[in-house]
Amino acid sequence: MNASLRLSVSSLRAHKRRFAGTFLAVFLGVAFLAGTLVMGDTLRAGFDTMFGNATSGTDAVVRSAEAITTPGESQGVREPVTTDLVRTVEQVPGVAAAVPDIQGAGQLVGANGKPIGGQGPPTLAGNWIDDPKLNPYELAEGRAPKRSGEVVVNRGTAEKGHLKIGDTTVLRTPDPVEVTVVGLATFGGEDGMAQVTFTGMTRADAEKYLTARPGEASTIQVRAGPGVSQRELVERLTRVLPQGVEAITGQESTEENTDMISSQFLSVFTTLLLVFSGIALLVATFSIHNTFAIVVAQRTRENALLRALGASRRQVTASTLTEASVVAVTASAVGIAGGIGVAAGLQALFPAIGFPFPEGDLVISALSMLLPLAVGVVVCLGSALLPAVRAGRTAPLAALRETAVDQSGASRVRAVTGAGLAALAVALTLTGVLVSPSLWLAATGAVLALGAFVVLGPVASTTAVRVLGGPLGRLRGVTGSLARRNALRSPRRTAATASALMIGVAVVSLFTVFGASLKATMDQTVSRSFAGDVAVSTPSFGAGGSGLSPRLAGVLQALPEVDTAVGLGRGVAEVDGKGRALTVTDPLALERTFDLGTVRGSLRGLGTDGIAITRTEAQKQGLTTGDRTRLTFTDGEKDTFTVRAVYGRSELAGDYVITRTAWAPHRTQDSDTLVAVSFKDGVSAGAGKAAVEKVAARYGHPEVQTRDEYAQSSAGGIDMMLTLVYALLALAVLIALLGIANTLTLAIHERTRELGLLRAVGQTRSQLRAMVRWESVLVAAFGTVGGLTLGAFLGWVLVKASDGTSDSTFAFAVPPLQLAVVTLVGLTAGALAGLRPARRAARLDVLRAIATE
Amino acid sequence: MTVTTASTRTLPAARVLDAVKVYGSGDTGVRALDGVSVDFPAGRFTAIMGPSGSGKSTLMHCAAGLDTLTEGASYIGDTDLGSLDDRRLTLLRRDRVGFVFQAFNLVPTLTVEENIRLPLDLAGGKGDPEWIDALIDVVGLRDRLRHRPAELSGGQQQRVAVARAFAGRPDVVFADEPTGNLDSRSGGEVLGLLGRTVRRTGRTVVMVTHDPVAAAHADEVVFLADGRLVDRMENPTADSVLDRMKALEASSGAAATSRTWTEGPV
């Protein structure tokens, strides 16, 4: 062992406690990262196996060749195929069986009257395929549906809705259908395909409720006879299939499905987790850097002695770096083990909360082991690099001076650099936000702003702590003012400690502000564009839910209380070569219940070949009233439409509006996403709402909401997202707190004699504890306030940048209550972080402390 | 073993009775104090002398309530320190005892004035403004009140410590080698200050020292050797103390070499 290695090892052994914080920071970051990677791989493999198992009996899938994909959707909409094709397919040599697969949206209502699922994953209904090899679902209990109204439900859905075999409930297709559960099914051996709900009905029921016309199916599932390969089967099928219809192998179909799950759910999920482990590691960087900086400062005399005795700069630097790498490698290795533990824990936890985590062993790839290890080591070594270099620069003479405590603070260079950086950041963001809207400029500015905060930290910390701690001296007397001065002692250290918390709090407040702004935006949208009295909708999110019965609007219109009831349906077509969502509705009624802004032309008489377009879309495509544009529907039909009206507001009404008659020939399963109702004059809100609710109850119990309620429920998804984000950010905040605790512990070690003196001249233990705790709170307060400022600024940038780069107008809102809670949490966390160091400081033996040389 | 001479006039400000202090246990145990009984009379400046390892610092620590005795009792006034818990001991130190240590007497973040007022501020009281004002003049630091300790010389720092020790009008001030880190001129100033304060204000000072010149500033010197009280001397001079010390070291010099606990200058 060479000299510097021996020094680092013995120093590590002697000061294990000092590195506990560093160890924990690296450990947590690496464990989270490794856990995310392992879980992602395991989930992906699990879904592969599950789909493989479920669809292994299907050798080929026949379907429409063309799909139209609208923005924001990963899976396109395909025109159904006619079930007549089944006979053609059956006659192809080598085909053992062919069955139509009819699929549509169908949301079951649970035993408690509440719809099951709908918050993200699709809620599907289809025909129960009797050929067990072609049916991805497998009957686990009960029997297949025989009579109309009988259904098989996947077990996960049944459990969630507390449905048993023999129970009768309602299936929203979206027309409410009364169904009886006769069987429970599994998918690839699991209780369901992730969170997707599935209801299998008889083929006749499926055709009746899930398709626009009988004789249509989404796809035809084909099984090959013995000795015919999938590829061969597809080739033979392709020869007989009409134009516009294609066949793909079962394997390709499975891959498409797993890809869809991966891209829709897994990628989003794992990316989110990776982002948060990144934030956690960034926060860890500050904590680790701080620890090493303090340790090096405390060891000045020791390092100076080494230099005086002839150690080279390089040797001193190397010995510090060696220490860092030992901590890094150990913590990362343990962190990887912890990550595997995290993944295993989640595997066990997911089924408990109703998410079928595919069974099977954890998939531990080399990448998900090596990457976190590398990241952990790089983060740790990178953070220790500067302190190590500083250690090497120790002058040999420092050995002779009094113990040098890190007194460095706000240098002029730092202040100037920071101010320059801040100015550049503000200039860039303002340009990116206000002058020429560009997300890139704004993002660059935001990153620079973060950098400016970090650079300016030590400069700002002195002023900030002085101001924040001002009342402390008055409130807590000498204890408070001692705490305040201790926090002021080393501005750089205080700033570095607070920076970790600052980043955590900044991200939290960024999301809080952005979430509140989104809510305000929705609120504003609804109150501005929705001119009706109540909205009827089925609250759902993502691909879930089945919408409303298209007949509901008509029935509501007939009520004596109702002036106008208009249903908004959804259609898909290619306009100008791109997939677009169409609003299918009665345009005249639309105008009465929604504020469409200025309308040029007329919504009257769109007929079968008229279309109304928003101004922004019209401008983009260079269209004005009277112009013609071509729409391509999923069935391949191309129709020319005349622009009859151009309207100003698209927020609720959508960008393209056509009539129901125009959409009818191309429709699939019909549903409305929203029915807007306005009451006649003189009808009270309560009476009107009650009347609407009574009717709606017969149509699968959709929600009937006043304008305010509707606005609030539209924002419900945001709260869910925020909760998840907060939970993930807790890790970063935890690491930041460890950093504060660690710095304090080291500072207390440094001040042993001073603390002993204070105790000797009469400071009680509780006064001493309070002093340390208040110092911790002050540092946390500095971090929290900085984080709030930075987060609010970044939130504003994000909102304004979104506003500038998208069509819809965004509102900016600062939620005072939530931000107050964030502040309170930050301060409480500071007090908590100070608990342990305070206790340790109070345990100090007075005599030993004053005798320490 | 007890030697009592001229200390029965009034109630002593501090005293120890049959004090025994053992560090460690069993065979490796070291008896730092081996049955010491001594009174520190009120209104007097007493020096504790003895060779290295004689137990003089231990005696002071135990008498001041910084350390606890293994056997025996120590009193401040008529308060038995052994009956107090940590909190009461702390309050006693704060309200009734003053300290001057060899070094590191001042809190670096506080100004001179704040350091002087520290025990009063910790108690949350205002103290006696006239008394403190007078103290500041006695120690001669009026023009330095807003300075930080790091801006003062060693002698000035010790003078601040002396002012701090007397700020709360304590029953007794304990000084542990207060001049150990000072040159002889600054040391002389500090010792003179201690003596003047005792004589002018009637306060009590107990000082541990190994320096006969320092001990000569006291009214009385008690001599310790091997954890026992061996002699007392009234109105000492540097020469008489030095002679006595030489005699002591000749008789028990060997014992001092094996002591390892922290005591006095090394």
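**Note on a predicted two-chain model**

1. Parallel pairing in chain B. Strand 7 (residues 172–176) and strand 8 (residues 205–208) of chain B run parallel and are joined by four bridges. Within this pair, V205(B) of strand 8 of chain B has V173(B) opposite.

2. Chain B as a whole. Chain B contains eight helices and ten strands. Its radius of gyration is 18 Å, which agrees with the value near 18 Å for a compact globule of 266 residues. Along the principal axes, the C-alpha atoms of chain B fill a box of roughly 50 × 40 × 40 Å. Of the 266 residues of chain B, 49% count as buried. Among contacts in chain B between residues at least 6 apart in sequence, 72% join residues at least 24 apart.

3. Contact between the chains. In chain A, 22 residues are in contact with 23 residues of chain B. On the side of chain A that touches chain B, at least two residues come from each of helix 13 (470–489), helix 22 (752–760), helix 23 (765–805) and helix 25 (846–851) of chain A. The residues of that side are ten nonpolar, six polar and six charged.

4. Strand 26 of chain A. Strand 26 (residues 656–659) of chain A has Y656(A) and I658(A) pointing one way and V657(A) and T659(A) the other, and all are buried. Strand 26 pairs with strand 21 (residues 578–585) of chain A in the parallel sense, over four bridges, and here V584(A) stands opposite I658(A). Strand 26 and strand 23 (residues 610–614) of chain A run antiparallel and are joined by two bridges; I613(A) has Y656(A) as its bridge partner.

5. V92(A). This residue is in the loop between helix 3 (85–90) and strand 5 (95–101) of chain A. V92(A) is buried, with 20 other C-beta atoms within 10 Å. Not counting residues up to four places away in sequence, V92(A) touches R236(A), L237(A) and V240(A). V92(A) and L233(A) are 141 residues apart in sequence and 8.8 Å apart in space, C-alpha to C-alpha.

6. Confidence in chain A. The mean pLDDT of chain A is 83, and 94% of its residues reach 70 or more. In chain A, confidence is highest in strand 11 (residues 150–154), at a mean of 93, and lowest in strand 19 (residues 541–542), at 58. Over residues 403–407 of chain A, pLDDT stays under 50, and the model has 13 contacts for them beyond four places in sequence. Where pLDDT is low, the predicted coordinates should not be read in detail.

Note on methods:
Residues numbered from 1 in each chain as written. Chains lettered and ligands numbered in written order. Predicted model: local features only at pLDDT ≥ 70, side-chain atom pairs only at ≥ 80, totals over all residues. pLDDT = per-residue confidence, 0-100. Contact = placed C-beta atoms within 7 Å. Nonpolar A, V, L, I, M, F, W, Y, C, P; charged D, E, K, R; others polar. Buried ≥ 20, exposed ≤ 12 C-beta atoms within 10 Å, placed from the backbone. Pairing = 2+ DSSP bridges. Rg over C-alpha atoms; globule rule 2.2 N^0.38 Å.
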